[in-house]
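Please keep the sequence and the structure in view while reading.

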There are 2 protein chains.
Amino acid sequence: MSAPDWIALDWGTSRLRAWAMRRDGTVIEAREAERGMGGLAPDSFEPALRETCGDWLGEGVPVIACGMVGARQGWVEAGYARVPCPPLSAALTAAPGRLDAWIVPGLSQADPADVMRGEETQIAGFLALNPGWDGVLCLPGSHSKWAHLSAGEVVSFRSFMTGELFAALSRHTVLRHSVEAEGWDEAAFDEGVAETLSRPERLASALFTIRAEDLLRGGDAAAARARLSGLLIGAELAAAKPYWLGQQIGVIGAGGLASLYVRALGTQGAPATQANGTAATLAGLTAAWKQRTQA
Amino acid sequence: MSAPDWIALDWGTSRLRAWAMRRDGTVIEAREAERGMGGLAPDSFEPALRETCGDWLGEGVPVIACGMVGARQGWVEAGYARVPCPPLSAALTAAPGRLDAWIVPGLSQADPADVMRGEETQIAGFLALNPGWDGVLCLPGSHSKWAHLSAGEVVSFRSFMTGELFAALSRHTVLRHSVEAEGWDEAAFDEGVAETLSRPERLASALFTIRAEDLLRGGDAAAARARLSGLLIGAELAAAKPYWLGQQIGVIGAGGLASLYVRALGTQGAPATQANGTAATLAGLTAAWKQRTQA
């Protein structure tokens, strides 16, 4: 393999994804390791990176990283740029150690208090791939984000704990007995979405009906799991309605979760475009690398 | 100690509470053990009971039990009586084994699907202590219940996963970093209640502001913990409003949790009376024992 011009890292809580990159933004090679920041002390980041892609790191190859690697408990705290601002408006933060490594700062909002870290890079990438795009981006995940974009800036954003609620409810509450399944039931998902979208205040009682239905009528765990997901996503869409109503909507994410959001929005007559999450991350890291190179 | 006339048991998921009782409903002695049904196989209930109060059990002393001991995974499934009905309308279920032990059935509701087990005994006890009482009872807990009572019957009820949501969020999500505290902040609780009571659809994003406030402004963990509780109870009160608005309200529970509900209802101009939970349980078990004796 020819030596890369630079290295792109998406370094999250549970995983490290690394790409050996060419100057023009094309990928030479991709790797992935279970070396997320959640399991690393500050002085373990450089060794973890050398283990994962030490053979790429010859002669001061620059490294550009985004994600929780820049959190307070990460490699080094990369701070936040305050919205409204472009998604990559603040200078990158140098990582300690002997590498030429730089971390993308997150975004913060004063009121209501909110933060993102990692998603700003996907937003920047989405804008790089879709120049001049105005509208609302939805980034589903543990802490889903809705961001209002205008004229190249993030005007405002809101986070929702939907993904983490799903995980905590399905693993650590009485619902775990009723949703243990691999399967899926689209009708149950759609019904859940419709229920909390129209009556979001009923979420906490609607959740318990999953257990009660199982006890009284015997459970279809796949339907219960889809209903739980639908109830939570419906409640999120109800709360995010001021964001998406009447707007151009993009949903970032490759997998099943993003398509659930697109499906749920579709039931509300709100067509959304799905964008590849990895492509957005890479385009955003490339934009950050170009800014760094030109600086 | 003179031999009891009968034995009352409140046998929940995590604890067994036992009382040696006189015929007239007075308590001779009380005991408590960490022998909840959650940790017992069906054939371990009788040994657990003998361990806890074997010295009370001479010569066929009758035992009346309520709670999760009657769940499908309990000593024996005690079924459900379907509302509308009096709280103790169905016959007690005999426990297998050599004891004269009987379990109080729960209540179920067809639409929306709902169940309770243990609370029906507290409701019966509250009615025994307050004959002719009509109105709405709130029973806070892992799965809070709101029950509409009229003419001695439970007309309808709804469960809310508020307590279990609080536990799952404060232990198993990113919020655990921000709410680790023993203290309390009444103003933060009141603000949380007001926020979700007026805008319940915002719950999932309001939850994340707890984390964001902590990251951006440095955290007062006691205030964050009180705010989390307030947001969840406010959302429950918003959803339960058709129950309590304009009604006579009783809140069953001795401890801090019940007084939080009374406080939150008070901010809405809805005065509620707090009733002792243990007294209600004992009065309900006494009513069940009398029914059994007369049967």
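In this predicted model, the axes of helix 2 (residues 119-129) of chain A and helix 9 (residues 277-294) of chain A come within 6 Å and cross at roughly 90°. Since angles of 65 to 115 degrees count as roughly perpendicular, the two helices, helix 2 and helix 9 of chain A, are therefore roughly perpendicular to each other. On the side of helix 2 of chain A, the residues in contact include F126(A) and L129(A), and among those they meet in helix 9 of chain A are A280(A) and L285(A). Sorted by class, this contact of helix 2 with helix 9 of chain A has seven nonpolar and six polar residues, but no charged ones.

Charged side chains pair elsewhere, and the structure holds 30 salt bridges over all chains.

| Salt bridge | N to O distance |
|---|---|
| E46(A) and R50(A) | 3.1 Å |
| R227(A) and E195(A) | 2.8 Å |
| E213(B) and R217(B) | 2.9 Å |

E46(A) and R50(A) both lie in helix 1 (residues 45-53) of chain A, four residues apart, which is about one turn of the helix. E46(A) is buried at 11% relative accessible area, whereas R50(A), at 33%, counts as partly exposed.

Terms used
Residues numbered from 1 in each chain as written. Chains lettered and ligands numbered in written order. Predicted model: local features only at pLDDT ≥ 70, side-chain atom pairs only at ≥ 80, totals over all residues. Heavy atoms only, no water. Axes fitted to C-alpha atoms, helices over the stretch in contact; angles between N-to-C directions. Parallel < 35°, antiparallel > 145°, perpendicular 65-115°, else oblique. Contact = heavy atoms within 4.5 Å. Nonpolar A, V, L, I, M, F, W, Y, C, P; charged D, E, K, R; others polar. Salt bridge = Lys/Arg side-chain N within 4 Å of Asp/Glu carboxyl O. Buried < 20%, exposed > 50% of the residue type's maximum accessible area, 1.4 Å probe, protein only.
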